[in-house]
Amino acid sequence: MAADKAAHMRTDTEKAPVTLQRKVNTHDMNIYKPHVPRALVAVDSEHPHGTPGHKHNNLTVLQQHVEFFDRNKDGVIYPWETFAGFRAIGFNPIVSFLGMLFINLCFSYATLDSWIPSPLFPIFVKNIHRTKHGSDSEVYDMEGRFIPFKFEEIFSKFAKSHPHGLTFQEMLGMTEAQRNAFDPFGWVASKLEWGFTYWLVKDEKGYAPKEAIRSVFDGSLFYYLQKRNEAKKL
């Protein structure tokens with residue numbers, strides 16, 4: 001009888017083994033209303049008010065994620081700016097060029113206000129929500145807001161070795177688990193995005209730390225890396 005009463009709170013079942021493998025957090029979080037999407041701030045259990053010192057400038061969290069690459073802050077990201085942004089955060093010229101090609105070729109058209117493609121492949125920051133694709137983590141909603149519960153879910157489901165970090169294999173497993181049916185573009189895009197993220201943030205033990213991943217979502221990590229790399233040149 002007690003088991004029946006507890007059924008309304010069960011998050012797993014033996015008849016769906018995948019629910020046993022990918023646990024969800026059933027404890028209270030140090031976040032006010034974690035299910036509510038945040039427009040301006042990327043919050044988690046350790047940072048209920050977002051990144052200290054990071055200015056949102058009234059941009060959505062998804063807009064903040066890409067705004068670093070708008071090098072002249074005119075609201076438009078051209079391919080050469082994407083390349084410069086990749087170089088600024090520490091990628092070599094070859095990786096930066098490949099990143100530029102993938103990002104601007106794949107995502108420019110969706111952000112245009114016109115049906116006519118632009119030969120310059122610009123990305124308009126104000127319309128970046130239109131580039132959200134399938135098979136992703138769903139941490140961003142369709143309007144570019146940040147959903148704290150979905151972010152925390154990444155680690156409750158996939159961080160098996162360390163509660164606050166992902167190994168490369170765990171990150172790869174996450175992208176496999178989040179695949180939507182008949183979505184080859186989303187499958188590839190998700191693996192590339194998370195691959196770049198792992199390459200960028202992994203520590204000496206091979207983990208992608210939770211805090212570093214969160215700061216990728218709001219773009220604050222990019223500014224930190226740029227300052228660190230500039231300091232090395234002095």
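Is Trp-199 buried, exposed or partly exposed? Trp-199 is partly exposed, because its relative accessible area is 48% (buried means under 20%, exposed over 50%, partly exposed in between, with a 1.4 Å probe and protein chains only).

This is a predicted model: local features need pLDDT of at least 70, side-chain atom pairs count only at pLDDT 80 or more, and totals for chains, interfaces and linings use all residues. Residues are numbered from 1 along each chain as its sequence is written, and side-chain values use heavy atoms, without hydrogens and water.

**View 1. Phe-91 and Trp-199 form an edge-to-face pair.** Their ring centres are 5.6 Å apart and their planes stand at 80 degrees. Rings of Phe, Tyr and Trp (its six-membered ring) pair if their centres lie within 6.5 Å; planes under 30 degrees apart count as stacked, over 60 as edge-to-face and the rest as tilted. Phe-91 lies in the loop between helix H4 (79-88) and helix H5 (93-111), and Trp-199 in helix H8 (residues 184-201), so the pair ties together parts that are 108 residues apart in sequence. Helices here are DSSP runs (H or I, at least four residues), as are strands (E, at least two), numbered from the N terminus. Phe-91 is buried, with a relative accessible area of 6%.

**View 2. Phe-151 and Phe-217 form another edge-to-face pair.** The distance is 5.8 Å centre to centre, with 85 degrees between the planes. Phe-151 belongs to helix H6 (residues 148-158) and Phe-217 to helix H9 (residues 210-217), so this pair links parts 66 residues apart in sequence. Phe-151 and Phe-217 are both buried.

**View 3. Arg-71 lies over the face of Phe-68.** Arg-71 is at 4.7 Å from the ring centre. A charge sits over a ring if NZ of Lys or CZ of Arg is within 6 Å of the ring centre and within 35 degrees of the ring normal. Lys-210 lies over the face of Phe-155, at 5.7 Å.

**View 4. Thr-167 sits in a loop between strand S3 (165-166) and helix H7 (168-177).** Thr-167 is buried, with a relative accessible area of 19%. Leaving aside neighbours within four places in sequence, Thr-167 is in contact (heavy atoms within 4.5 Å) with Ser-161, Tyr-198, Gly-206 and Tyr-207.
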